Amino acid sequence: MFIITCPFCGERDQSEFSAGGEAHIVRPKQPTELSDDEWADFLFMRKNIKGVQFERWNHAHGCRKWFNVIRDTSNDKIHAVYKMGEKPPQK
Amino acid sequence: MKNNYSIFSLLKNSISYHENWQQAWRDPEPKKEYDAVIVGGGGHGLATAYYLAKKHNMKNIAVVEKGWIGGGNTGRNTTIIRSNYLWDASAGLYDHALKLWENLSQEINYNVMFSQRGVMNLAHNLQDVRDLKRRTHANRLNGIDAVWLSTEEVKKFCPIINTSPDIRYPVLGGTLQRRAGTARHDAVAWGYARGADAMGVDIIQNCEVKGIKRNGNAVEGIETNKGFIKTKKIGVVAAGHSSVIANMAGIRLPLESKPLQALVSEPVKPIIDTVVMSNAVHAYVSQSDKGELVIGAGTDAYVSYTQRGSHDVVEGTLKAILELYPIFSRMKMLRQWGGIVDICPDASPIISKTNIKGLYFNCGWGTGGFKATPGSGDLFAHTIANDEPHKLNASFNINRFVSGDLVDEHGAAAVAH
């Protein structure tokens, strides 16, 4: 449990948000040409990092907008929040 | 040679004030090379080593453990054992484990306090009733004992449950597996460790894996904080940290790691003599032999390795517990903790070879791995020794995420995720 700064609403409790998993997984441009292995990779395989992870969150009980978060999964500390479509901030 | 534990050894050692008990397992330094190395000294890893030595005669093997044995999810779960899963593949897997549990204390000469007190799963809405009845039929077709109980029968079996129709999620019935129950979780790890050690398996604690060395498409060994260990076969049984090891080998797994919480109350006199699980409201409870209520809460809905879990998850579970068991309203909770569970998209485990020669994974047990400990170890040992899965774990290979032949057990997994 922690505080997330929604880029649209500001600081809110984590329980207002729902996690959308690993960020920057690009949807295949030509789905019909994908092999089974590539589909499995897109749909199921995850880095599941212990450490700094790029992930998507949705302010489900607020503005309902999606955005990206950089969070350390080993201590739940949030390093940065940025909007969809934006490049992750360089540190 | 290990001395047998028995009533006679207990009497004999009582004369010397229990100061001369034989060491249960050694504390060896790693050798340069092993025939196989198991990564992870929890119940599943130690069971794997035990069955590798016992059934496949692989005795030059080691178990490496980052902390101390049984200190991860083996020591953090709510010790529930059952096999009432829906699909044939799962029924085969979990009932294989349950059958091994029934004779485990004798087999490893260690009292794992296996208690077949029954597990009841409650239904709180019409869909629950349909799903649970269907699961009961599926179980019986697979030779697994299961019965459907009406609301009155639920009340008779566990009188402290509030079966009033006026509560928010009324009890509309439930299923009961009488062969199911609980066991002492630490004893399972210790018993398998002692048994494996007696056959020559090196159990190396405080030994953290730092890297996996590959030569082309085959493994060569592991880098650890105690130096390099050469081996041609690596069996990874690292639960919530499976992806961390997989990343070292350069592969990805279909897993997400999340904190799962449990809590225990102050000890009280016997009040509940079975295990009651309630998926819809997310509350499950049993009573330990010490008298504590053992309560399982849910997972946090995001990836985290913090071994803590959020307070709102515990609150939600306790609200449900109090509505179902008003008698517990004055109880004090003593301890709360979290463990990191690795969850597969289909809520079924992976016991499988990988595309890298000599690298095997036993993971993805999610919120319910403890019940499968003996079966998981037995089947994983078979997979490592023969480089082929046993027929009971053939369905639980990694390639099912490519073929689409998933084993969807979200309904039977008990913890919603």
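**Aromatic pairs**

I searched the whole structure over all chains and found 16 aromatic pairs, where rings of Phe, Tyr and Trp (its six-membered ring) pair if their centres lie within 6.5 Å, with planes under 30 degrees apart stacked, over 60 edge-to-face and the rest tilted. I note that the model is predicted, with local features needing pLDDT of at least 70, side-chain atom pairs counting only at pLDDT 80 or more, and totals for chains, interfaces and linings using all residues. Residues are numbered from 1 along each chain as its sequence is written, chains are lettered from A and ligands numbered from 1 in the order written, and side-chain values use heavy atoms, without hydrogens and water.

I looked up A:Phe2 and B:Tyr302, an edge-to-face pair at 5.1 Å centre to centre with 70 degrees between the planes. A:Phe2 is buried at 10% relative accessibility and B:Tyr302 is buried at 2%, buried being under 20% relative accessible area, exposed over 50% and partly exposed in between (1.4 Å probe, protein chains only).

I then took A:Phe44 and B:Phe401, whose ring centres are 5.3 Å apart and whose planes stand at 65 degrees, so this pair is edge-to-face. Both A:Phe44 and B:Phe401 are buried.

I also noted that A:Phe2, A:Trp57 and B:Tyr302 form one aromatic cluster.

**Charges over rings**

I found B:Arg194 over the face of B:Tyr5, 3.6 Å from the ring centre, the criterion being NZ of Lys or CZ of Arg within 6 Å of the ring centre and within 35 degrees of the ring normal. B:Lys213 lies over the face of B:Phe228, at 5.4 Å from the ring centre.
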